[in-house]
Amino acid sequence: MIPDELTLAGPDAARLADELLCAGRPFHAHEVLEASWKSAPPGERDLWQGLAQVAVGLTHAHRGNARGAVTLLRRGADRVRAYRDAAGPPAPGAAEPPAGGGFPYSIDIAAVLAACDDLAARIEQRGLADVPAADLRPRLLVQTEADGPGAPSP
């Protein structure tokens, strides 16, 4: 169980949420992401809220609620897109990107969005019966070559 008063810095919240999702515990990942959303600076709230909604969508999928899964996966992806679009490309002449290749807190936004879009479409078209369990455990963090499928986060 995640404490109600949980406060984690962005990198720690992203890492813990990633670990929980990989372990098949999206409800607990949602609690971590929701705590981050509520304590985040205004410019990051769409990111954390969207990721929390994605985790709720995955929770619905784990529980067999296809309609809820599709709705929340899409809603979460839309909010993460709003964050990405508001952040825009780096300014010309900006300093070197932070560790993780410029990904906020090493979160691979493009991969998260692609996974959400693909999973929502497949569930909507064919339901949950044929969705492999691994597809309900998407990674949040940028993967390196050392990371194999299912490898722990950096």
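The protein chain holds five helices and zero strands, and 41% of its 154 residues count as buried.

**Overall make-up**

- Along the sequence, the pattern of the protein chain reads α-α-α-α-α.
- Among contacts in the protein chain with a separation of 6 or more, 65% join residues 24 or more positions apart.

**Helices α3 and α4**

- The crossing in which α3 passes α4 is left-handed.
- On the α3 side, the contact is made by D46, L47, Q49, G50, L51, Q53, V54, V56, G57, L58, H60 and A61.
- On the α4 side, these residues meet G68, A69, L72, L73, R75, G76, A77, R79, V80, A82 and Y83.
- By type, the residues of this contact between α3 and α4 comprise 13 nonpolar, seven polar and three charged.

**Helices α1 and α2**

- Helix α1 (residues 10-22) packs with α2 at an angle of about 165°, and their axes lie 8 Å apart.
- That angle makes α1 roughly antiparallel to α2.
- The crossing of α1 and α2 is left-handed.
- From α1, the residues A13, L16, A17, L20 and L21 take part in the contact.
- They meet P26, H28, A29, V32, L33 and S36 in α2.
- The residues of the contact of α1 with α2 include nine nonpolar and two polar, with no charged ones.

**Confidence of the prediction**

- The protein chain has a mean pLDDT of 83, and 79% of its residues reach 70 or more.
- Helix α5 (residues 109-126) has the highest confidence, at a mean of 96.
- Confidence is lowest in helix α2 (residues 26-39), where the mean is 90.
- Over residues 90-101, pLDDT stays under 50, and the model has four contacts beyond four places in sequence for this stretch.
- Residues 150-154 also stay under 50 in pLDDT, and for them the model has 13 contacts beyond four places in sequence.

How values were computed
Residues numbered from 1 in each chain as written. Predicted model: local features only at pLDDT ≥ 70, side-chain atom pairs only at ≥ 80, totals over all residues. Heavy atoms only, no water. Left-handed = near helix turned anticlockwise from the far one by under 90°. Helix = DSSP H or I, 4+ residues; strand = E, 2+ residues; numbered from the N terminus. Contact = heavy atoms within 4.5 Å. Nonpolar A, V, L, I, M, F, W, Y, C, P; charged D, E, K, R; others polar. pLDDT = per-residue confidence, 0-100. Axes fitted to C-alpha atoms, helices over the stretch in contact; angles between N-to-C directions. Parallel < 35°, antiparallel > 145°, perpendicular 65-115°, else oblique. Buried < 20%, exposed > 50% of the residue type's maximum accessible area, 1.4 Å probe, protein only.
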